[in-house]
Amino acid sequence: MPSATNSSGIGARFRAWSTTLAGRVVLYGAALALGGAVAAGLLLVFVFAVAYSNLPPIDALTEYRPKIPLRVWTSDGVLIGEFGEERRDYVEIRDVPDRLKQAILAAEDDRFYQHRGVDYAGLARAAIANFASGRRGQGGSTITMQVARNFFLSSERSYIRKIYEIALALKIESTLPKDRILEIYINQIFLGQRAYGFSAAAQVYFGKKLKDLTVAEMATLAGLPVAPSAYNPWVNPRRAKARQQYVLSRMLALGSIDQKTYDAALKEEFRQRPAAVTAASQPNARNRLHAEFAAEMVRQLMFDIFREETYTRGLNVYTTLVSTDQRAAYEGLRAQVLEYDRRYGYRGPEAFIELAKDEQVREQRIEDALVEAIDSPNLYPAVVLESSPKLVKAVLQGGETIQIQGAGLRFAARSLDPKAQPTRRIVPGAVIRVTQNAQGVWEITQLPQVEAAFVAANASDGAIRALVGGFDFNLNKFNHVTQAWRQPGSSFKPFVYSAALEKGFMPSTLINDAPLTVDPAMTGGQGWEPRNYDGKFEGPMRMRQGLAKSKNLVSIRILQSITPQYAQSFVTRFGFEADRHPAYLTMALGAGSVTPWQMLAGYAVFATGGYRVQPYLISRVTETNGKVLMEAQPLKAGDESHRVLEARNAFIMDSMLRDVTRYGTAARATALKRSDIAGKTGTTNDTHDAWFAGYGGGLVAVGWMGFDQPRPLGERETGGGLALPIWLSYMSAALKDRPEQIMAMPEGVAAIGGEVYYAEFPPGQGVASVGLEDGLPPEEQKKNEQVRDQIF
């Protein structure tokens, strides 16, 4: 224990020192520092108090309603569209795997369940680190502070914002339980690729539900919040791997995983998400089934009802589409369009760029050109680096260089000739399209200019099973199924024939396939001398043969006999608009205007035995919680209140339409090896439009091909050669497990001598013949009368 003498000595020395100049300076400085610290502390308390008193209400958290996008599904649960600024799939905290929670806390806030919203030790560490580095690199934000910032504050880095962040975090913690705060964070945080929340990110990056993630994948996602773009596993895999390793090491240090799990997770490679996803297994994965036109139809319909809420309310729209049918239709249409396009040769590169000598400038120009070129499935844009008649080197998006040679050059061989026209020649800097065949060989190809459409439905109720509105939605968003008004050509003839049955015509009625001069008053314009497609005339033939062979002169004489005015009124029962089918003889050749959607409804009348059904796409609309907001109540065949055509009329038309597919213009349909296939080809004047519409096995479908700006498809092109293959490609898949459906003979039909008639119009009754005397000398008229007498 020090003596009193020593203590008094030390005090004396201090008093002496304090009277010196140096002593006074030090003492004054210490006093000022202490006073400053106290003042700063008081000021900080004052600022914090002011900030806390001015905090906004946290109703956005207590009544949290995340923005969930509109999602569109097929009937069998495949995602085909997602619309909204934010990809989000809300998940409750009890459904979040514990291991994922541990990964998130290890990466962001391992003391989350210990502190009250602010980790003061963490803030101190961040402050020291920032002071040492001379910049604001670390923020020390807890998960609660991040929630406060995301909902109420800007991303600006400042001390004032940090004070508000702390104040809000304390207020949030005093209001909400910890699990609720973590649940909001897990669903709200931005994780790149427009994904908000960990469930959405799991789908975007890995195509999985949260419960199916591996430890390595959980660590990868947990590492994203700090910098989503920098640690994106597909864009920056090396950075993402380093961040993943950090998260795993923190989990190991905290005891969340053992050494064995840690080692296994480090060895795991990033795996691409699967190509196909379903509602049952991956409810928020990115679309791989091509149904963009149908998804856009749904989006427009929903916006008409819900307006801006469409994109944030979390609506789920279930369509009537069947994924296997949709895929068959899409692939069949694309294959036929590409096959047609190849028949007419290579048109040359899409564009040209100058390949600069400076490597950096050169790479930037190539990248810009490839980004500008719209992508299309398996039709990849490429920039040519080297070219010769035997070898082309080109670079794809992402920098991959490919070589094209041999058969891969055949399609564009003329454009590799040094004598080719400059606009068609493939040279270094040319932007071309390439594709990879089934053997993995690269070939030069091109984007087609022609368009096509296809739509199929259940005949019994009109539920759309497949809809392809064009070759590629990204290239042309015009929906040709619902928006393209085109001439139906000969595919419209069955509706005229059906009208004729009501006027006493029979399948055996003899009609003259001979030249005819039509008065201008009957065409609505000039005088007309119609011809058959092949330019030939076969003389008298039965009405059944006339339809099967699609004889124009037969159809014109039928319409002339029943009058265009009657036919114009009659076709409205199939859903066609009278004013789009003027009452002139040209109606017999399909000179009016229809859409494929209308044609689908029209042919469904024949397929159902005379009932009118309305094609529809949406089955039901639900909210996120499953509550049904809307549900379709379709009209169904069999309800007599919806009958628009007598059963006997439909039966006889069905028998004639099946002959079209047996030996007529659609005889290629025999490849399906079914006896219930019926339909009609259509080729318009100058082959501007090619059609096939038909049905079988309870399905009705329509295919179309043509140019958006109408021009000839080709001198020998027909609906049977262009549209029918699309139809057959679809039906070969869609009818695989469907039994044949043959109409039973209804009342009012008589079967006599292998032919069918209305009971009141047996042979010798009704209309026996038409036009047999037109323009013929007496001796020829007598021959035709003898033919008619032999038939009847």
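The protein exposes about 36,700 Å², of which carbon and sulfur atoms supply 52%; accessible areas come from the Shrake-Rupley method with a 1.4 Å probe, and for residues only the protein chains shown count as cover. The structure is a predicted model, in which local features need pLDDT of at least 70 and side-chain atom pairs count only at pLDDT 80 or more, while totals for chains, interfaces and linings use all residues. Residues are numbered from 1 along each chain as its sequence is written, and side-chain values use heavy atoms, with hydrogens and water left out.

Buried residues make up 50% of the 792 residues in the protein (buried, under 20% relative accessible area; exposed, over 50%; partly exposed, in between; 1.4 Å probe, protein chains only). The protein contains 23 helices and 23 strands, where helices (H or I, at least four residues) and strands (E, at least two) are DSSP runs numbered from the N terminus. Among contacts (heavy atoms within 4.5 Å) between residues at least 6 apart in sequence, 70% join residues at least 24 apart.

Helix H9 (residues 198–206) is largely enclosed by the rest of the structure, because 9 of its 9 residues are buried. These buried residues are Phe198, Ser199, Ala200, Ala201, Ala202, Gln203, Val204, Tyr205 and Phe206. Their cover includes strand E3 (87–88), helix H4 (98–108), helix H8 (178–188), strand E4 (195–196) and helix H10 (215–222). Helix H10 is itself mostly covered, with 8 of its 8 residues buried. Val215, Ala216, Glu217, Met218, Ala219, Thr220, Leu221 and Ala222 are the buried residues of H10, and they pack against H4, H9, helix H11 (237–253) and helix H12 (259–267).

Most residues other than glycine have a negative phi. Arginine 194, in the loop between H8 and E4, has a positive phi near 60°. With a relative accessible area of 35%, arginine 194 is partly exposed. Serine 550 also has a positive phi, about 55°, although it is not a glycine. Serine 550 is found in the loop between helix H17 (543–548) and helix H18 (552–562), and is buried, with a relative accessible area of 12%.

Side chains of opposite charge can pair when their charged atoms come close. A salt bridge is taken as a side-chain nitrogen of Lys or Arg within 4 Å of a carboxyl oxygen of Asp or Glu, and the count by this rule comes to 36. Arginine 334 and aspartate 472 are both buried.

Within helix H21 (residues 647–662), arginine 658 and aspartate 654 lie 4 residues apart, about one turn of the helix. They form a salt bridge whose closest N and O atoms are 3.1 Å apart. Arginine 658 is buried at 12% relative accessible area, and aspartate 654 is buried at 4%. Asp513, Asp534, Glu538, Lys549 and Lys551 are linked in a network of salt bridges.

Asparagine 458, in strand E12 (residues 451–458), counts as buried at 16% relative accessibility. Leaving aside neighbours within four places in sequence, asparagine 458 is in contact with Ala463, Arg465, Gly698, Leu699 and Arg738.

Asp358, Glu359, Glu363, Glu367, Asp368 and Glu372 form a negative surface patch. Patches are made of residues with over 30% relative accessible area and no salt bridge, with like charges joined within 9 Å and nonpolar side chains (Val, Leu, Ile, Met, Phe, Trp, Tyr) within 5 Å. Lys and Arg count as positive and Asp and Glu as negative, while His and the chain ends are not counted; the place of a charge is NZ of Lys, CZ of Arg, CG of Asp or CD of Glu. Aspartate 358 lies in the loop between strand E6 (351–352) and helix H15 (359–372), and counts as partly exposed at 43% relative accessibility.
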